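Morning, everyone. I have a few slides on one model, so let's get the picture up.

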Amino acid sequence: MPSLLTLNVSNPPRERAEALLHWLWPRDEEVWVLTEVGRGAGSGLLLSVCRAAGFDVHVTDRSELGVMTVARVGSWERAELAPPPLLPGRVDSLVWQPNSAGSGEAALRLLATYGAASDPVRYSSKTQRERKRQWLTAYDRVVGEWTAQGERGIVLGDLNLVDPVHEAPLKYVLPEETATYHALSEAHGLVDAFRVHHPDEAAISWMDHSGVGCRYDHAFVTTDLVVEACDLLPEPRTKGLTDHSALTVTIS
């Protein structure tokens, strides 16, 4: 049963990247999806340390912040899928190939995602809101093309989509954002892995400086996968390593 982890590392400086590696390294997940990686020293350290350890690492264009996928076991293959024209480095389509002989594990498709942001708590500019609308339209098209390619897959990352189940007052959630969140299940036939085991929990995976937050980090799986577990790990956020919790998912 493979396990995957996603964490928004918030474009870390070198010192915080070192602390993130200390937190990540003892973990058991075979695959990491690290979002909001940039071109600075901290993101470079994450990349170089993972490669030096012999992991298969793929990273998108980080000029507009991107996605780093780390296969601690097995290897990556590229999957033919055109990224969104807006912020193309925010999406990576890969196939994970486990390399343990006799394990019985088949390949797993991965759509690693770092969605375009707009602040749901504080006022977002008109330009930012319009950019997010354009991103949502393009990303919905990408997900539709990805789901049409086959089975056994997972959409994983900081999608920057607010889970509609939340307790905090969020004034600036776009209706298009909520529609895209619902479309992942209702239009594209994917399963919200967190909701399988936490059907009503108003969970928080991101929190702003005022203490208001929401669930931004998601795993959506195809229906031929069984979600054995899916949980949020708050330690990276509560320890100040980043402003996000990690999300882990175990599937069979």
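Contact here means heavy atoms within 4.5 Å. Helices (H or I, at least four residues) and strands (E, at least two) are DSSP runs, numbered from the N terminus. This is a predicted model: local features need pLDDT of at least 70, side-chain atom pairs count only at pLDDT 80 or more, and totals for chains, interfaces and linings use all residues. Residues are numbered from 1 along each chain as its sequence is written, and side-chain values use heavy atoms, with hydrogens and water left out.

Start with helix H4, residues 175-186. What covers its buried residues? Helix H3 (126-147), strand S9 (191-192) and strand S12 (217-221) are included in that cover. Buried means under 20% relative accessible area, exposed over 50%, partly exposed in between, with a 1.4 Å probe and protein chains only.

The buried residues of H4 are Glu177, Thr180, Tyr181, Ala183 and Leu184. Down the axis of H4, they fall within an arc of 160°, so they line one face of the helix. That arc is taken from the directions from the helix axis to the C-beta atoms. An α-helix has 3.6 residues a turn, so residues three or four places apart point the same way. On the face of H4 turned away from the buried side sit the exposed residues Pro175 and Glu186.

Now backbone angles. Most residues other than glycine have a negative phi. Glu36 has a positive phi, near 60°. Glu36 lies in strand S2, residues 31-37. Is Glu36 buried or exposed? Its relative accessibility is 16%, so Glu36 counts as buried. Leu65 also has a positive phi, near 70°. Leu65 sits in the loop between strand S3 (56-59) and strand S4 (66-71).

Key: Expected span 1.5 Å × (residues − 1).
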